[in-house]
Amino acid sequence: MFLTQEKALKRVQQERHRGDRKRALQRAQSALEKWPDDFAIAMEAIQLCLDLDDFKEAVTLMKSTLRRHPKSRQQLISIA
């Protein structure tokens, strides 16, 4: 069985709902390494960084996501 983008996102969300944000962030970052253009995974990772007060990583991810998805600028700004 192999991991798809949808399954990876679902696992990240499951970890978040269980309350294990650090593990969810690890999963999200791992998924972003495989699928760097996936906007939904990037948004989950950014939100998790903000939840964990890792603002430096959140900004880094936001910049990277903005470069890959310039039309989503307003959505990125809204979570900041």
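I take a helix to be a DSSP run of H or I with at least four residues, numbered from the N terminus. I note at the outset that this is a predicted model.

**Entry 1: His69**

I looked up His69 and placed it in the loop between helix 4 (55-68) and helix 5 (73-79). Is His69 buried or exposed? I found a relative accessible area of 18% for His69. Buried means under 20%, so I recorded His69 as buried. I then listed its contacts, setting aside residues up to four places away in sequence, and found Asp37, Asp38 and Phe39.

**Entry 2: Arg68 and Asp37**

I turned next to Arg68 and Asp37, whose side chains meet in a salt bridge at 2.9 Å, N to O. Arg68 belongs to helix 4 and Asp37 to the loop between helix 2 and helix 3, so this pair ties together parts that are 31 residues apart in sequence.

**Entry 3: Other salt bridges**

I asked how many salt bridges the count comes to. The count is seven.

I examined Asp51 and Arg21, which form a salt bridge with their closest N and O atoms 3.7 Å apart. Asp51 lies in helix 3 (residues 39-51) and Arg21 in helix 2 (residues 21-34), so the pair ties together parts that are 30 residues apart in sequence. I recorded both partners as partly exposed: Asp51 has a relative accessibility of 28%, and Arg21 has 38%.

I also examined Arg23 and Glu15, whose side chains meet in a salt bridge at 3.8 Å, N to O. Here I noted that Glu15 is buried, at a relative accessible area of 5%, whereas Arg23 is partly exposed, at 39%. Which residues are linked with Glu15 in a network of salt bridges? I found Arg18, Arg23 and Arg27 in that network.

**Entry 4: The nonpolar core**

I looked up the largest nonpolar core and found that it has 22 residues. Those with the most contacts inside it are Leu32, Ile41, Ala45, Ile46, Leu48 and Leu61. Helix 1 (5-18), helix 2, helix 3 and helix 4 each supply at least two residues of this core. Which helix gives the largest share? I recorded helix 3, with nine residues.

Leaving aside its neighbours within four places in sequence, Leu61 is in contact with Leu32, Ala45, Ile46 and Cys49.

**Entry 5: Helix 4**

I closed with helix 4, which has 14 residues. From its first C-alpha to its last it reaches 20 Å, close to the 20 Å expected at 1.5 Å a residue.

I found Ala58, Leu61, Met62 and Thr65 buried in helix 4. I asked why these residues are placed on the same side of the helix. They cover an arc of only 105° around the axis, which puts them on the same side of helix 4. On the other side, I recorded Lys56, Lys63 and Arg67 as exposed.

Against which helices do the buried residues of helix 4 pack? I noted helix 2, helix 3 and helix 5.

Terms used. Residues numbered from 1 in each chain as written. Predicted model: local features only at pLDDT ≥ 70, side-chain atom pairs only at ≥ 80, totals over all residues. Heavy atoms only, no water. Buried < 20%, exposed > 50% of the residue type's maximum accessible area, 1.4 Å probe, protein only. Contact = heavy atoms within 4.5 Å. Salt bridge = Lys/Arg side-chain N within 4 Å of Asp/Glu carboxyl O. Core = buried A, V, L, I, M, F, W, Y, C linked by side-chain atoms within 4.5 Å. Expected span 1.5 Å × (residues − 1). Arc of directions from axis to C-beta.
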